[in-house]
Number of protein chains: 2
Amino acid sequence: MPVLPYTLQKPLPVPGFKVGSASCGVKSPDLKGKRQDVTLIVAGVPAQAAAVFTQNAFRAACVDLGEQTVREHATNIRAIVANAGNANAGVGEMERVWSQQLIELGAEVAGVEPNQVLSASTGVIGEPFPIERIRETIGEASTSLREDNWIQAAEAIRTTDTFAKYTSRQFEANGKTYTITGVSKGSGMIHPNMATMLSFMATDAPIRAEVLQAILSRVADVSFNSISVDGDTSTNDTVYLLSSGLGLGDAELQDVSAFEQALSEVAIELAQLIVRDGEGVTKFVTINVSGAENETQARELGRTIAVSPLVKTAFAGSDANWGRIIMAIGNSGSFIQPDKVSMKADDVLILKDGNLHPDYTDEMGMRVFAKQEFTLTVDIGLGDASAMVWTGDLTHEYITINAEYRS
Amino acid sequence: MPVLPYTLQKPLPVPGFKVGSASCGVKSPDLKGKRQDVTLIVAGVPAQAAAVFTQNAFRAACVDLGEQTVREHATNIRAIVANAGNANAGVGEMERVWSQQLIELGAEVAGVEPNQVLSASTGVIGEPFPIERIRETIGEASTSLREDNWIQAAEAIRTTDTFAKYTSRQFEANGKTYTITGVSKGSGMIHPNMATMLSFMATDAPIRAEVLQAILSRVADVSFNSISVDGDTSTNDTVYLLSSGLGLGDAELQDVSAFEQALSEVAIELAQLIVRDGEGVTKFVTINVSGAENETQARELGRTIAVSPLVKTAFAGSDANWGRIIMAIGNSGSFIQPDKVSMKADDVLILKDGNLHPDYTDEMGMRVFAKQEFTLTVDIGLGDASAMVWTGDLTHEYITINAEYRS
């Protein structure tokens, strides 16, 4: 059961984009016609593109090809083609060939050139990629293209996700309303062979690729790079952002601050939905680190707390075990002055300048840690920088899934 | 149940040292007379001393005091006094006072000066330290002093340890047989308020403090710093090494290589015993990283693999999930060339130069991962340096203990 106490709003269409999907039986021929597993996003005009990719040293071929295409053709992208069910990773020399073939199929059904197409794959690692099964029915993806098909796009990239992940935001600029819609998939590096984090976002805001890329890099740091289910990233992690605005003839936005704000909200929600869908997760915890010397230090410290098995099991047990959080901070490798560290759980002050607050009682902490969602605030008293990281708890169900899952 | 398929040998007496213990009811008055919880190690002559301490930014007062005493009096140490049941940590201003009082009590019953005494504490964090209960019965520790009391010393520093940890080695130098005996405690950062790693080692090898310190620092890296139960270290972690040889009148050893080898064996066994006693651990896995550019890179990479929850749950499930190990390597932050990485489980070759070996089958991997003990060898093909790290698996029992344990 995901930690999802709200209903997702229907995603908004984005002018210039149509979305379709196909059922190709990627994972197994039995699934053909039963579940959608190929997503096609087509821009009716040349789109500006930006991307961020996995930091893992082992990268799938689709990541290498995607990076190259964005580098060389970022101002003229026309489609994204993505599949679930097979990561096309760890399969040796054919990996790059199959990845290129998927791009060519996407280009063909979208009616564009291969160098205008970005791809992504997610699913089982180390299995031959079923390019022929995809060839047979990928046509469905182009015949189903519609502006309001974003939920289907989100459905068709699911692997172990228990729900489809999508969201939209709108903002005003130059007297016009612009839209950002995005989808994501991932339930943490949980089912390890199916755990890729993918997100595709589209907007009609008229912004050049170069500017889009700078914004996306910043936004990815505070969203997709600020979640932790168990600290691992996969070979295929990919985020694509496309913009149709300039292609549609709008004048370039000079002030992009409203766009960056709206994109952050979209990306943060898409990232948080991945944490909320972490296997075995029963808690959604925001870790807010402040008083750091810089944002990188704050984020790293937040991540250190977020990945500690002792902290995550304390969350699972609704145990306000501040000693474990102190240990994690002390182990971060960051410069820490113990007598400057303060800590709160929601509004309950636990530590003030390194000392247990005299009014604090275990019962006060327990009331917060018993909640399904709460915020842990750590101030290290060294500077003005802060960062937020989102994480879940570590439960029996996590062990069950991961110890008993067969690759 | 620990992973301990062998019987520990009785530790050997070390000339120049006597060991005693007392039952002071440190954790609770009810335990007075029921379990030993104060250890006293006394050198009959001035001992040379070396120490290594926790890297955690939050350090208990006993660590600060121990570090200071070793810095100022390393050639004239006469005793170690240690208690289990209360870490004397996280208790504010009294912490240093209580720590100093424990040292003074140890000095009094050992008949030496306080600046000749090193101390260590382990147990519950954040509770007042019961110095008066210790004062009442610490005398037992001096009346029980004997050369062959090392098992009692190991017993009296246990907290959540399911067995007492000790070992000895002897080596020849200058035509004489010298002894090293050590004890340790710790079952990983598992019961977080009782999880301190302590080790005390003693030898009659005649070596100056300065040389001892250099050797101990190297040895700690390949032993106590090369184990991982869940990646966290505590506020009180302490390793002390004392040598009586020069005090007993032996000529200083010029060639210390046999000593360093023997000390490594002692420290590695004491460290491995901590992994073997990790709560919920059912597997003991050696991670052998080779082909690194330097030893630090090799050890860090080994630790990255060793702490990955996905890798540790794969161990628990006897699942030869090499994909998870690849992910952990790729996430290490180390420079990695994927096409140079090879991997073996015991003698079974899984990956060769980044490719799955054609002869490898899942069944071959499973046969190794099903064993209670096995070695995972990863060669990253970049250089000649190597390191070994020891770890356990991540099981349901770990979650049960840590989610349900109340601080």
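Leaving aside neighbours within four places in sequence, which residues is Ile131(A) in contact with? They are Trp98(A), Gln101(A) and Leu102(A), where contact means that two C-beta atoms, placed from the backbone, lie within 7 Å. The structure is a predicted model, in which local features need pLDDT of at least 70 and side-chain atom pairs count only at pLDDT 80 or more, whereas totals for chains, interfaces and linings use all residues. Residues are numbered from 1 along each chain as its sequence is written, and chains are lettered from A and ligands numbered from 1 in the order in which they are written.

Ile131(A) lies in helix H3 (residues 131–137) of chain A; helices (H or I, at least four residues) and strands (E, at least two) are DSSP runs, numbered from the N terminus. Ile131(A) is buried, because 23 other C-beta atoms lie within 10 Å; a residue counts as buried at 20 or more such atoms, as exposed at 12 or fewer, and as partly exposed in between, with C-beta atoms placed from the backbone. Asn88(A), 43 residues away in sequence, is 10.0 Å from Ile131(A), C-alpha to C-alpha.

In chain A, seven strands form an open sheet of mixed pairing in the order E8-E15-E10-E14-E11-E12-E13, two strands being paired if DSSP finds at least two bridges between them. Strand E8 (227–228) and strand E13 (355–356) of chain A are the edge strands, each pairing on one side only. Strands E10 (residues 284–292) and E14 (residues 373–379) of chain A run parallel and are joined by seven bridges, and Ile287(A) stands opposite Leu376(A) in E14(A). Helix H8 (residues 295–307) of chain A packs on the sheet, touching E8, E10 and strand E15 (385–392) of chain A, and its direction makes about 25° with that of E15(A); axes are lines fitted to C-alpha atoms, for helices over the stretch in contact, and angles run from 0 to 180 degrees between N-to-C directions.

In chain B, helix H8 (residues 295–307) is mostly covered, with 10 of its 13 residues buried, among them Leu301(B), Ile305(B) and Val307(B). These buried residues pack against the following elements of chain B.

| Element of chain B | Residues |
|---|---|
| Strand E8 | 227–228 |
| Strand E10 | 284–292 |
| Helix H9 | 309–316 |
| Helix H10 | 322–330 |
| Strand E15 | 385–392 |

The contact between the chains takes 43 residues from chain B and 43 residues from chain A. On the side of chain B that touches chain A, H10(B) gives the most, with six residues.
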